[in-house]
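Visitor: Could you walk me through this model, beginning with the side-chain contacts?

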Amino acid sequence: MRFVVGVILALFALWSAFWLIGERMIEGRIAGILAQDLPPGVVLTQGGFDVIGFPNRFDLTVTDPALSDPATGWGWRADFAQVF
């Protein structure tokens, strides 16, 4: 019985490590995307982002996203955007 419990705990620890590494990778990639140079005049802003969904999903939520091009008068904004 102790062996079975030990195996289950080891698998849980490995899965948790996988999820935490994945979360860090997604956050780093999103930060890189948001820091990229946009076409001249295009403005991208956001209030922040978060990755949740442990243990089986990676859910990305971006708060207050806004994309605009003042030269053409085009723009889009929302309270949040999510990717599941």
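Guide: This is a predicted model. One place to begin is a salt bridge between the side chains of Glu 27 and Arg 24, with 3.8 Å from N to O.

Visitor: Where do Glu 27 and Arg 24 lie, and how many residues apart are they?

Guide: Both residues belong to helix H1, and they are three residues apart, about one turn of the helix.

Visitor: Which other residue forms a salt bridge with Arg 24?

Guide: Glu 23 does, the closest N and O atoms being 3.7 Å apart. Glu 23 counts as buried, at 10% relative accessibility.

Visitor: How many salt bridges does the count come to?

Guide: The count comes to three. One of them joins Asp 59 to Arg 57, where the closest N and O atoms are 3.1 Å apart. Asp 59 is buried, with a relative accessible area of 9%, whereas Arg 57 is partly exposed at 43%.

Visitor: Changing topic to the rings: how many aromatic pairs does the structure hold?

Guide: It holds five aromatic pairs. Among them is the pair of Trp 19 and Phe 54, which is edge-to-face, with 5.4 Å centre to centre and 85° between the planes.

Visitor: Which parts of the chain does that pair link?

Guide: The pair links distant parts of the chain, 35 residues apart: Trp 19 is in helix H1, residues 2-35, and Phe 54 is in the loop between S2 and S3.

Visitor: Buried or exposed, in the case of Trp 19? And what does Phe 54 count as?

Guide: Trp 19 is buried, with a relative accessible area of 5%. Phe 54 counts as partly exposed, at 41% relative accessibility.

Visitor: Which residues form the aromatic cluster?

Guide: One cluster is formed by Phe 12, Trp 15, Phe 18, Trp 19, Phe 54 and Phe 58.

Visitor: Back to Phe 54 for a moment. Is the peptide bond from Phe 54 to Pro 55 cis or trans?

Guide: That bond is cis, with omega near 15°. In general, most peptide bonds are trans. Pro 55 lies in the loop between strand S2 (48-52) and strand S3 (59-63).

Visitor: Which residue has a positive phi although it is not a glycine?

Guide: Asp 64 does, with a phi of about 50°. Asp 64 is in the loop between S3 and strand S4 (66-69), and it counts as partly exposed at 43% relative accessibility.

Visitor: Now the sheet. In what order do its strands come?

Guide: Three strands form an open sheet in the order S1-S4-S5, with antiparallel pairing. The edge strands are S1 (43-45) and S5 (74-77), each of which pairs on one side only. The twist averages 10° from one strand to the next.

Visitor: How many bridges join S4 to S5?

Guide: Four bridges join these antiparallel strands. Asp 69 stands opposite Trp 74 in S5.

Visitor: Last topic, the surface. Which residues form the nonpolar patch?

Guide: Met 1, Phe 3, Val 4, Val 5, Val 7, Ile 8, Leu 9, Leu 11 and Leu 14 form it, and together they have about 980 Å² of accessible area. Leu 9, one of these residues, is found in helix H1 and counts as exposed at 55% relative accessibility.

Terms used: Residues are numbered from 1 along each chain as its sequence is written. This is a predicted model: local features need pLDDT of at least 70, side-chain atom pairs count only at pLDDT 80 or more; totals for chains, interfaces and linings use all residues. Side-chain values use heavy atoms; hydrogens and water are left out. Helices (H or I, at least four residues) and strands (E, at least two) are DSSP runs, numbered from the N terminus. Buried means under 20% relative accessible area, exposed over 50%, partly exposed in between (1.4 Å probe, protein chains only). Two strands pair if DSSP finds at least two bridges between them. Axes are lines fitted to C-alpha atoms, for helices over the stretch in contact, and angles run from 0 to 180 degrees between N-to-C directions. Rings of Phe, Tyr and Trp (its six-membered ring) pair if their centres lie within 6.5 Å; planes under 30 degrees apart count as stacked, over 60 as edge-to-face and the rest as tilted. Patches are made of residues with over 30% relative accessible area and no salt bridge: like charges are joined within 9 Å, nonpolar side chains (Val, Leu, Ile, Met, Phe, Trp, Tyr) within 5 Å. Accessible areas come from the Shrake-Rupley method with a 1.4 Å probe; for residues, only the protein chains shown count as cover. A salt bridge is a side-chain nitrogen of Lys or Arg within 4 Å of a carboxyl oxygen of Asp or Glu.
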